[in-house]
Amino acid sequence: MAQPRWLKSISRSMKLCLRLAAVYGLLGGLGVAQAGFLLPSAEMASRSQLACQPSLIMGLMECETLPEPAPPVQNDPAIVPAEFVRPSEPIATLGAVVDETPQQPFLDVVPTQVKAGRFSLSWQNGFGAVGQWWEVWDNQQLRYRGKDFISRPLHPNAANSLDSTQSRDVKQVSLKDVQGGVFTIEQLEPGLHQWQVSLCRGTLAAPQCSHAYAQTWAEAAGDAAAVIKKPAPPELAWTAPVTTDGKALLKWDVYWGNVGTQWEVLQAGKAIYRSSQFTETTENSQSAQVELPLVNGVYSLSIRLCNANLCSESAPVTVEAMLGPNWAPSQPSAKVYTDADPELGNGLPVGQVIVSWQTIGPSVAPDHWLLLDADRRQVIFSQKISQPCQAGVWCGSWQGTPATRPANWLVKLCRAKQCIDAVPVTVPALPR
């Protein structure tokens, strides 16, 4: 039997009232929350942050909106977790880096003034890392390289470098050094000798060395009778404050006073040029000059004038070098030493020679040098250069057994493709 039209209308009105009552909380007695709202089941599944339960109306869910959850507890984003070594990485990457540079050698007392003739340098170490070889340099010239180590009673200076507990033990027992050496020159040339004793390990291409330094003035014949006086301070002539051609001309004078026997150009207090030549010298006046090659940069140059080991220094001048083209290095001066050379000292193996070179004056920075057999036109040795021996002065050496003797050898000093040759040197024939 069909439902009357008026009954259908009342049914639709009741459903609408129920929905409105749910929305406005009129069904609170039936468990409907005041903050709730009705959603179809399909729409509820597509929304988040809802708490829903079936309502009294078929097909609708009674839902409440939930607050956003609190953020999880976590570290400050600026805190970065530590990186751990992966199993595939070598275990050698862990641990401290050990410095294997040998302990600095302790020189025995070196006199500041001696008579020309036989001269010895000795050194020792009482503790620390040892070296594989040691060297002696005289005014940037290599005079010895070898492995002739000796052992003798520990020198007090080496013992004083130990801590207080160790030094008390040294007084009670006689200790011997770990390493030591003696270098002897049969005939020391007159003049100033600046010594460097190096204790090294590693390779000649990449040595790890520690150094000790000393200075000695060797008297010439007749020096002992003369009274050595300190020279008067030299005065620098006007010097151009800017150079664009890579050269700076320095002139100096002593107008009246004690004169010297040797002079140096200092760059920020370090010697970059040394000479015993003067343009004029009398009993009470002196003058000299030099044209220095300079690389780009600002220099503080002064003159130091010495008489034996007594020196005076001029006021400095500032020179700025602004260069255009590349300049070749300064010409090197080379020497050959054999095991029979009395100036070299003891210890060089029979048949070996040492070739030692240095730039004659201050030089632009070379990047490599070559040792060539001039007769065969063959390269005997080549080496990159990373640092100067001192400010503006470059040096190097080679030690080995020549393939042929006699021979004419050549040292070539280069900066990129610009090279300059030293005066060729002769390797003598082996004695019969």
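Modeller: Contact here means heavy atoms within 4.5 Å, and the model is a predicted one.

Colleague: With which residues is Gln 352 in contact, leaving aside its neighbours within four places in sequence?

Modeller: Tyr 337, Thr 338, Asp 339, Gln 399, Gly 400 and Thr 401 are in contact with Gln 352 once those neighbours are left aside. Gln 352 itself sits in the loop between β22 (332-338) and β23 (353-359).

Colleague: What makes the pair of side chains of Gln 352 and Gln 399 a polar contact?

Modeller: The two side chains are 2.9 Å apart.

Colleague: Why is Gln 215 called partly exposed?

Modeller: Its relative accessibility is 36%. Buried needs under 20% and exposed over 50%, so Gln 215 falls in between and is called partly exposed.

Colleague: What does Gln 215 touch, and where does Gln 215 lie?

Modeller: Gln 215 lies in strand β11. Not counting residues up to four places away in sequence, Gln 215 touches Pro 111, Thr 112, Leu 192, His 193, Gln 194 and Trp 195. With Gln 194 there is also a side-chain polar contact of 3.2 Å. Gln 113 is 102 residues from Gln 215 in sequence, yet their C-alpha atoms are 8.6 Å apart.

Colleague: Why is Ala 268 called exposed?

Modeller: Exposed means over 50%, and Ala 268 has 60% relative accessibility, so Ala 268 is called exposed. Ala 268 is in the loop between β15 (262-267) and β16.

Colleague: How do you know that Arg 377 counts as exposed?

Modeller: The relative accessibility of Arg 377 is 77%, and the cut-off is over 50%, so Arg 377 counts as exposed. Arg 377 is in the loop between β24 (368-373) and β25.

Colleague: What is phi in Ala 268, and what is phi in Arg 377?

Modeller: Ala 268 has a positive phi of about 55 degrees, and in Arg 377 phi is positive too, near 60 degrees. Most residues other than glycine have a negative phi, and most peptide bonds are trans.

Colleague: What is omega for the peptide bond from Arg 405 to Pro 406?

Modeller: Omega is near 0 degrees, and the bond is cis. Pro 406 is in the loop between β26 and β27 (407-415).

Technical notes
Residues numbered from 1 in each chain as written. Predicted model: local features only at pLDDT ≥ 70, side-chain atom pairs only at ≥ 80, totals over all residues. Heavy atoms only, no water. Helix = DSSP H or I, 4+ residues; strand = E, 2+ residues; numbered from the N terminus. Polar contact = N/O pair within 3.5 Å; in protein donor to acceptor, adjacent residues only side chain to side chain. Buried < 20%, exposed > 50% of the residue type's maximum accessible area, 1.4 Å probe, protein only.
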